[in-house]
Amino acid sequence: MSTVEDMETLNYVLEILRESLSLTLSYVTSPSKRAYFLYLLSSLLLAYYVYKRSGVKIPFFAFLFKKKIWLGKSAMIDYGFVLFNSVFKVILIAPLLVYSLNLTEAINTFCINSFGTFTGNWSVASITINYTITIIVVTDLASYTTHFLMHKIPFLWKFHKVHHSATTLNPFTQYRIHPVELLINNFRSIIIKGIITGVFLYLGNGSVSLLTFLGINILNFAFMFFGANLRHSHIKLRYFNFLEYVLISPYQHQIHHSDNEAHFNTNMGSRLAIWDYVFGTLVRSKDVNKLSFGLGARENRTHATFWNNLWQPFLPNSMSKRFQKK
Ligand SMILES: [Zn+2]
Ligand SMILES: [Zn+2]
């Protein structure tokens, strides 16, 4: 290989590393990410509320920053996935995002060609409200369905297991996802959002305005602000009993991570709890007191390092105990 080619390769690798690093940093600086500093701040306040109510005797700082949770073996694997997936996203997933816009345009054109220009007279307000509700409900149902399948189909569980192999939870566990699952989730999201936006672009005669996206962002902001970060943590933030039929509380997601067989395949909702309620997989916080996380002793051992988590799903003999019993 010539020197020029060597330099080009080196530049390409450096560019990927630079973009990956800025993606990693954007976790803290972007309001669309859970680790955005403002959400961390609100999580801190909510954690303080839980701490005060729990009546534990250690200082708040020690309660929050337990070494085992932030610097333990499990946490290190989480950080490994944050970094690894940043590179993976820049190389493989970011280029896919372009197709979302293409799909939106294609759906809009398809509707115009099939049904003619839309003649209904929807106000901007009604388009905004309908689009926002549709996208929230449909994307949430789609993520429940994928999550449900990841738990029920042995082949998919092998990949999803990586998220469940965490034996301690901290906000970065959110990103402890096998690249294959990340790819599936991104595909799902691109297809669902592309189709819905395309249909509403048609219904609004091309005027799905910035306002609509703002509407979604406001709801997203509210979800993040009220403790999304505490879902992966040791802070047992529960919502009111009745509210846990509608929205998944942080503690309800912690129950989803339980290594107790009684809690397997429960609370698979992303934001809304209604799907779990409808399909009989809902467990509310009031019914669970003690929790420990992970896959159980045997599988925790096979998922004890970052590389194990990455390669384990590709091994032929890694059928989970969960499926052997049934
Ligand atoms: Zn799960
Ligand atoms: Zn989780």
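User: What should I know about the numbering and about the limits of a predicted model?

Analyst: Residues are numbered from 1 along each chain as its sequence is written, while chains are lettered from A and ligands numbered from 1 in the order in which they are written. Because the model is predicted, local features need pLDDT of at least 70 and side-chain atom pairs count only at pLDDT 80 or more, whereas totals for chains, interfaces and linings use all residues.

User: How many residues does helix 6 have, and what span is expected for helix 6?

Analyst: Helices (H or I, at least four residues) and strands (E, at least two) are DSSP runs, numbered from the N terminus. The expected span of a helix is 1.5 Å times one less than its number of residues. Helix 6 has 29 residues; from first C-alpha to last it reaches 41 Å, close to the expected 42 Å. For helix 8 (residues 179-203), the end C-alpha atoms lie 36 Å apart, which agrees with the 36 Å that its 25 residues should span. Just after helix 8, Asn205 takes a positive phi of about 50°.

User: Which residues of helix 8 are buried?

Analyst: A residue is buried if 20 or more other C-beta atoms lie within 10 Å of its own, exposed if 12 or fewer, and partly exposed in between, with C-beta atoms placed from the backbone. In helix 8 the buried residues are Glu181, Ile190, Thr197, Gly198, Phe200, Leu201 and Tyr202. They pack against helix 5 (73-115), helix 6 (124-152) and helix 7 (154-164). Helix 6 has its own buried residues, including Ile127, Tyr131, Ile135, Tyr144 and Met150.

User: At what angle do the axes of helix 6 and helix 8 cross?

Analyst: Axes are lines fitted to C-alpha atoms, for helices over the stretch in contact, and angles run from 0 to 180 degrees between N-to-C directions. Angles under 35 degrees count as roughly parallel, over 145 as roughly antiparallel, 65 to 115 as roughly perpendicular and the rest as oblique. The axes of helix 6 and helix 8 cross at roughly 155° and come within 10 Å. Helix 6 and helix 8 are therefore roughly antiparallel. Residues of helix 6, among them Tyr131, Ile135 and Val138, meet residues of helix 8, among them Arg188, Ile192 and Phe200. Two residues are in contact if their C-beta atoms, placed from the backbone, lie within 7 Å.

User: Which residues make up the largest nonpolar core?

Analyst: A nonpolar core is a set of buried Ala, Val, Leu, Ile, Met, Phe, Trp, Tyr and Cys residues joined through C-beta atoms within 7 Å. The largest has eight residues: Ala47, Val50, Leu230, Ile235, Leu237, Tyr251, Ile255 and Val288. Helix 2 (37-54) and helix 10 (250-256) are the elements that give two or more residues to this core. Another core, of six residues, lies apart from it and includes Ile127, Tyr131, Ile135 and Phe200.

User: Where is Leu237 found, and why does it count as buried?

Analyst: Leu237 sits in the loop between helix 9 (210-225) and helix 10. Leu237 counts as buried because it has 23 C-beta neighbours inside 10 Å. Not counting residues up to four places away in sequence, Leu237 touches Leu46, Val50, Gly227, Leu230, Ser249, Pro250 and Tyr251.

User: Where are Leu169 and His253, and why does each count as buried?

Analyst: Leu169 is in the loop between helix 7 and helix 8. Leu169 is buried because 25 C-beta neighbours lie inside 10 Å. Although Leu169 and His257 are 88 residues apart along the chain, their C-alpha atoms are separated by 8.9 Å. His253 lies in helix 10, and it counts as buried because it has 21 C-beta neighbours inside 10 Å. Leaving aside neighbours within four places in sequence, His253 is in contact with Arg231, Ile248 and Asn267.
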